[in-house]
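Open the model in your viewer and keep the selection panel at hand. The tour moves from one selection to the next.

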There are 2 protein chains.
Amino acid sequence: MIEYRNIRIALLGAGSVGAQVADQILRHGDELAARVGAGLELVGVAVRNPDSARTADIPQHLITTDAETLVRNADIVIELMGGIEPARTLILSAINSGADVITANKALLAHHGPEIFDAASQVGAQIFYEAAVAGAIPIIRPLRESLAGDRVSRILGIVNGTTNFILDRIDTLGESMEASLQMAQDLGYAEADPTADVEGFDAAQKAAILASLAFHTHVPVDQVYREGITKVSLDQVQAARKAGYVIKLLAIAERVALEDGREGVSARVYPAMVPLTHPLAAVHGAYNAVFVEAEAAGSLMFYGAGAGGIQTASAVLGDLVTAARRHVIGGPGVVESAHANMPIVPISAISTRYNITLEVTDAPGVLANIASVFSTHGVSVESLEQKTVGVEVPTATLVIGTHVGIEADLAATVDALAASPVVERVSGVLRVEGL
Amino acid sequence: MIEYRNIRIALLGAGSVGAQVADQILRHGDELAARVGAGLELVGVAVRNPDSARTADIPQHLITTDAETLVRNADIVIELMGGIEPARTLILSAINSGADVITANKALLAHHGPEIFDAASQVGAQIFYEAAVAGAIPIIRPLRESLAGDRVSRILGIVNGTTNFILDRIDTLGESMEASLQMAQDLGYAEADPTADVEGFDAAQKAAILASLAFHTHVPVDQVYREGITKVSLDQVQAARKAGYVIKLLAIAERVALEDGREGVSARVYPAMVPLTHPLAAVHGAYNAVFVEAEAAGSLMFYGAGAGGIQTASAVLGDLVTAARRHVIGGPGVVESAHANMPIVPISAISTRYNITLEVTDAPGVLANIASVFSTHGVSVESLEQKTVGVEVPTATLVIGTHVGIEADLAATVDALAASPVVERVSGVLRVEGL
């Protein structure tokens, strides 16, 4: 066996994930070296404040604030600082100095993925980002490699642990949205400002990354349709369960056949009703899962912890071993393939099902009136349940499930229902996925 | 972009998987080429009988009976003929002619893995075998790469679709074992001679492959402990469900701490009670799933179709794209690492829990007598349920769940119970996993 020189690793950031990664490299170096076929040498850890308390024992001489010099002297740069800048500039520097890059930075990839992948392909560098989506769950590599000979048709992902934790508590404990969010904050799952999670921004970034990868095309994050979970009520969750569904915040990436014969891609995030028999319905707490439908492989699901320092560190280290093995092998990297160049399909053009809850006047002719709203818009009703609720004033609650329809028609139907004189109120609209 | 010469692919076998693979290469060659960065050329398909009917339109000039010549003139050899010989000899020829090899042949890998991996590492060839375990589910690559920087502690796999189909019907439809097996045969899930599936031989081969890969060591298939599902009764399945469990045939690979401070590996296959809350409990029908516990990543699960021509073809094509990309990149392959060299832990030394059903005389002192059998063997009882069943002769059914104990002690306890004068009959013993 040829002795290979040590592979030089630079770490940017020593927060909860970075500290775990440093710790693993420093403590399990021999085992990693055996798997790689060469030694792994941590040559430096760039931090903002060298005097901050660290959770790992990183030798002081490795700590530096000069990230720019560090990345120019490494074979592999691991970026775990987060945020757009200076992460973007440092990664581009690393690429141009000939290093491979490992990053868990979903915001950066969602916003500047093409720039980074293009820079990498110019010089034959490789970008690894298993930790950027769904934490420790291997999903990037299966999409990139295992399914490389197949055609993915759809991805339904529970990719945000915080919102799954909240929705699961509402469903299983009957808690209110507010109480569940408070508990998520108390346990550290949700930030003091929970907007990124509960409004679906985090999930949208992951949807952009998954859609780009699965369909070999570029999906900008600002073209991901996004609805958060803040309008989901305990009533809705309980009614859904009674009907055999659970409400999950889904990140959806879908191949869509266009009228001109081309194919487009839809990427979207919204809370949806998922049948209890679907494997995604069994994903509880802060766990993540990505359900993939491919033409040949059929249905696949990848399940695991979506966040957490040590779990995310596992994904980073998997990338590190792969990247380091490639250094031992030599040769240029695999180019991130975005050859498909598919048009982005707007939310209005996608196909889905609606579940609509209406408060209506309970009088003769009302049902016929409502039915005509649906038929006028070409939307077909699949199920209808009526509950009489008003005693003095006769009102009723109608829960209407549609067949698959075009989003624009479904939305127009809801608008027309809201404007109808027999409808007191549209009290809830949810899409149904996974049927 | 440099134009790369076509990569020459030889296919051995044109059965249900082989025909699908040929079809995909012939029909989707352009898309595969875009993903690889070079053309893929199917240079030949070796079959036993060139006149057999094929499900795919393979041009007649590609069909050959001279597999030996074919493999010596290919860059990548895809072996889908199955069986030990001539598959083994042809794969070794391919390796020695400088080809990379893709195989779905679990029997060959379980029995001759080390010989094949050694031959490949001698010449820097690479062996891909995603399709050999759990069909289309990407499990080999995640274990090989994604978790390469982590330490797997345990794998619990539902890796045989036939037995899962049978057990699921018993559980959900209340069918007998015989009726479920008959249905599996009628639907083509089970062979006329179902021994390989129902006695766990197929699962044991997959357990050997998974254990070898997860623990970077060699686990021979004849050292995998194996029990099939033929002794599982409808009564047991129903009693398990009432108690909150479902019975699944599990392939288990586990890292075991030995008394001398070293680590060993246990690989075993048996029907076990799995809590209904465990993600594996939601795996229905002929689906497969592999649940992986790793030190850093925590719990992961990989779910999907375990068999089927087109599903397995998806896994083969994923390997093909990876292998072909490596040809474009050049350089020697990654050596299959079996550096750990761990001792195999016999079934008697593993830790597990027993669930024991006893028919006993219903008389004073019987419970004390039975309790003493457990304590004599150092086995701690976790739960005990008594149902009085005899009316004329007072007998009772006892269902006893143990805490975790050493298999040898648990088995000795069962032997002692069977020999006890107060025990009429030990009517069922099942291990409990996934708690």
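Predicted model: local features only at pLDDT ≥ 70, side-chain atom pairs only at ≥ 80, totals over all residues.

Residues are numbered from 1 along each chain as its sequence is written, with chains lettered from A and ligands numbered from 1 in the order in which they are written.

**Domains of chain A**

Colour chain A by domain. Domain 1 takes 7-134 + 310-329, domain 2 takes 140-306 and domain 3 takes 350-432. These bounds come from an automatic or database domain assignment. Now place the C-alpha centres of domain 1 of chain A and domain 3 of chain A: they are 53 Å apart.

**A sheet in chain A**

Select β1 to β6 of chain A. They form an open sheet of six strands, in the order β3-β2-β1-β4-β5-β6, with parallel pairing. At the edges stand β3 (63-64) and β6 (127-128) of chain A; each has a single partner strand, so one side of each lacks a neighbour in the sheet. Strands here are DSSP E runs of at least two residues, helices are H or I runs of at least four, and both are numbered from the N terminus. Two strands pair if DSSP finds at least two bridges between them. Zoom in on β1 (residues 7-12) and β4 (residues 76-79) of chain A, which run parallel and are joined by four bridges. There, A:Leu12 has A:Glu79 of β4(A) as its bridge partner.

**A:Thr162**

Go to helix α7 (residues 161-173) of chain A and pick A:Thr162. Is A:Thr162 buried or exposed? A:Thr162 counts as buried because it has 26 C-beta neighbours inside 10 Å. The cut-offs, with C-beta atoms placed from the backbone, are 20 or more others within 10 Å for buried, 12 or fewer for exposed, and partly exposed in between. Beyond four places in sequence, A:Thr162 touches A:Ala184, A:Tyr189, A:Ala190, A:Asp197 and A:Ala286. Contact means C-beta atoms, placed from the backbone, within 7 Å. A:Asp197 is 35 residues away along the chain, yet its C-alpha lies 6.6 Å from that of A:Thr162.

**The two chains together**

Show chain B. A rotation of 180° with 0.0 Å of shift along its axis superposes chain B on chain A, RMSD 0.1 Å. The two copies are thus related as by a two-fold rotation axis. Centre on B:Phe302: of the residues of chain B, its C-alpha comes closest to the axis, at 2.5 Å.

Now select β12 (residues 298-305) of chain A together with β12(B). They run antiparallel, joined by five bridges. A:Gly304 has B:Leu300 as its bridge partner.

**Helix α11 of chain B**

Last stop: α11 (residues 234-242) of chain B. B:Gln236, B:Val237, B:Ala239 and B:Ala240 are buried here. On the face turned away from the buried side, find the exposed B:Asp235 and B:Lys242. Among the elements covering the buried residues are α7 (161-173) and β9 (245-257) of chain B. Finish on B:Gly244, which follows α11(B) and has a positive phi near 95°.

Key: Least-squares fit on C-alpha atoms with pLDDT ≥ 70 in both. Contact = placed C-beta atoms within 7 Å.
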